[in-house]
Every structure is written in structure tokens, then in C-alpha cells.
Amino acid sequence: MTSSNDASGAAAAPYQAAGSLQGRTLLISGGSRGIGLAIAIRAARDGANIVLMAKTGQPHAKLAGTVYTAAEQIEAAGGQALPLVGDVRNDDDVAGAIAAAVERFGGIDAVINNASAIDLSRTDDVDMRRYDLMQDINVRGTFLLSKLALPALRKSDAGHILTLSPPLNLDPKWAGKHLAYTMAKYGMSLTTLGLAEELKADGISVNSLWPCTLIDTAAIRNMPGGSTMVQAARGPAIMADAAHAVLTGGNLAAGGPSTGNFYTDEQVLAAAGVADFRPYSLGAAEDELVPDIFL
């Protein structure tokens, strides 16, 4: 059996899906590796259509995989893939990705705002180019992709925008730890908050999803001390399963709102019947896992 800890999130245990994404079209930003790719492959196992927009078209010295190798994995898992080399910061690239998705698959049912940049430097130390990068990718990219996809999402009978961003919490300690990064991630979360309210009458659900623990990704591994940090992390499969549950509405809180939620992976999967999260770990005991920096 394939381990639930690999990048594809391919293992069936412990999450048992109550719904399916068969025939649905998902547009994912930055999905050539990590959590984005795991979400894509989990949806592909249902027979979903996956449109990947990512910058990596050629092999990278420090980052495994390209948008094309990701597409191969998606098709091997049972889905259809449309790999697109593009930058979420570029208006024409985003508009082109949406047009290509509609032309190839006839529409878009869900947008996954996965692309994100991270720098945990304190204010004295943060390079302003990194600050601008985080604002451009995290905030502007999320807003732009969501904005330009709205016409297509309104035509879906189950349109959904799912953004990988933390719950909004104005406790000063979160801003005090890594102000530049917190501002960028909270900008993504504010997009969820605002669009959920703005689109209430349009039938489009808008939600955020965030992990309770550190997740093993290339971005974390490339940080100072990252290879040691991920030894106390969970694999991307937990986020893939949680995203699947959100997108299918599987066993979420009965009678609760379907939009404007800031879910955590454990919250969603517990509602879907998962009681044991140990299979998602890379080997560390549950009490040894590193909590996420916003929780």
C-alpha cells in the first residue's frame, strides 16, 4: 500500500471520502509540488480535471518537479491534467490560465489559491524584495486569480474558492513574530472573508484551510534548519484529504455555513470521521509534532 506520507497523498486510510470530485475542474496555483500537488492528485483519484498554473517549467536545482512532471502524476492517478507555465503575479498569465481551463474543460468549478512565498524574518532583517514577493504572490495573486475566475465560477453549480491561509487572529503575538509574513498571509485570509460576504448571492463558496502542524514541503526544507524541522512534521496528504472534504462538503458541521469558514485540517477531518492522525506523520509522535506558526 502506498504510504499516506508521500507527496501525492495517495493512501486511503484514515480519511474515507463521503463525496467525489469526478468530472469537476480545479484550477490550482503553484501546484507543481508539495501541498498543491497533493491536493491535485487526491482530486485526480476521483477523476477530476486539474489545471495547474506554476512557474516551474524547467527542472530547478533546489526544487523537485515541474508543472509537466506534476501533470504526469495527475494523469497516472486517474485525472486529466492541463499544465500551464505561468506566474500568479502576471495579469496576462492568470487570464490566460482561466481561458485555457474553460476552453479545455468547459468551465471551472474550484479555484485553489495555493501559491505562496514565505520569509519569517523579523522586521529589521527582512529584505524588501522578499516583502514585495510575499505581497505580490500571496495577497495580489490570490485576489487576482479569484477575481478573474469569478465569471467561470458563477456558471458552476458548485463554485468554490479555497485559499490556503490561516484563521484571522488579531492577537499581537502573531504579528510580532514575523510581521511581513503575517501581513501577507492575513491578506489572503481577508480575501476569503471579503469574497465570502460579497459572493453570498452568487452561489460561490469561499473558504480558507490551514494545517495545525508543520507540513513537509520544499519551501520548509529550503529554510535554514528546514531538513531538521520536517522530521517533526506531517506529510502533505493531510491537507489533500482535508481539501477534498471541504470541496465535496463531506461531513462538515451540519447546518453550518458553507462559506466564510477558516478551517483547520484536523477540524475538517475530525468532522469527516478521522480519529487517528498518526498515519499522516512522517514518524514523530503526536506530542512531538511542531505546531503551525499561526496556531
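**Note on helix packing, cores and selected residues**

1. Helix α3 (residues 91-105) packs with helix α4 (residues 128-155) at an angle of about 35°, their axes 10 Å apart. Axes here are lines fitted to C-alpha atoms, for helices over the stretch in contact, and angles run from 0 to 180 degrees between N-to-C directions. Helices (H or I, at least four residues) and strands (E, at least two) are DSSP runs, numbered from the N terminus. The model is predicted: local features need pLDDT of at least 70, side-chain atom pairs count only at pLDDT 80 or more, and totals for chains, interfaces and linings use all residues. Residues are numbered from 1 along each chain as its sequence is written, and side-chain values use heavy atoms, with hydrogens and water left out.

2. α3 and α4 make a right-handed crossing. A crossing is right-handed if the near helix is turned clockwise from the far one by less than a right angle, and left-handed if anticlockwise. On the α3 side, the contact (heavy atoms within 4.5 Å) uses Asp 91, Val 94, Ala 95, Ile 98 and Val 102. On the α4 side are Arg 140, Leu 144, Leu 145, Leu 148, Ala 149 and Ala 152. These residues divide into nine nonpolar, no polar and two charged. Ala, Val, Leu, Ile, Met, Phe, Trp, Tyr, Cys and Pro count as nonpolar, Asp, Glu, Lys and Arg as charged, and the others, Gly among them, as polar.

3. Helix α1 (residues 34-44) and helix α9 (residues 237-248) also pack, at about 50° with axes 8 Å apart. That angle makes α1 oblique to α9. Angles under 35 degrees count as roughly parallel, over 145 as roughly antiparallel, 65 to 115 as roughly perpendicular and the rest as oblique. This crossing is right-handed. α1 contributes Ile 35, Ala 38, Ile 39 and Arg 42 to the contact. α9 contributes Met 239, Ala 240, Asp 241, Ala 243 and His 244.

4. The largest nonpolar core has 43 residues. Such a core is a set of buried Ala, Val, Leu, Ile, Met, Phe, Trp, Tyr and Cys residues joined through side-chain atoms within 4.5 Å. Leu 26, Ile 50, Ile 74 and Leu 209 have the most contacts inside it. Elements giving two or more residues include β1 (25-29), α1, β2 (49-54) and α2 (67-76). α9 gives the most, with nine residues.

5. Take Ile 50. Beyond neighbours within four places in sequence, its contacts include Leu 26, Ile 28, Ile 74 and Phe 105. A second, separate core has 39 residues, among them Ala 97, Ala 100, Ala 117 and Leu 195.

6. Ser 165 sits between β5 (160-163) and α5 (172-177). Ser 165 counts as buried because its relative accessibility is 0%. Buried means under 20% relative accessible area, exposed over 50%, partly exposed in between (1.4 Å probe, protein chains only). Thr 213 lies between β6 (205-210) and α7 (218-221), and is buried at 6%. Pro 236 is in the loop between α8 (226-229) and α9, and is buried at 4%.

7. Away from sequence neighbours within four places, Ser 165 contacts residues including Lys 185, Met 188 and Trp 210.

8. Gly 273 lies in the segment after α10. Gly 273 is exposed, at 56% relative accessibility. Its C-alpha is 9.9 Å from that of Ala 18, 255 residues away along the chain.
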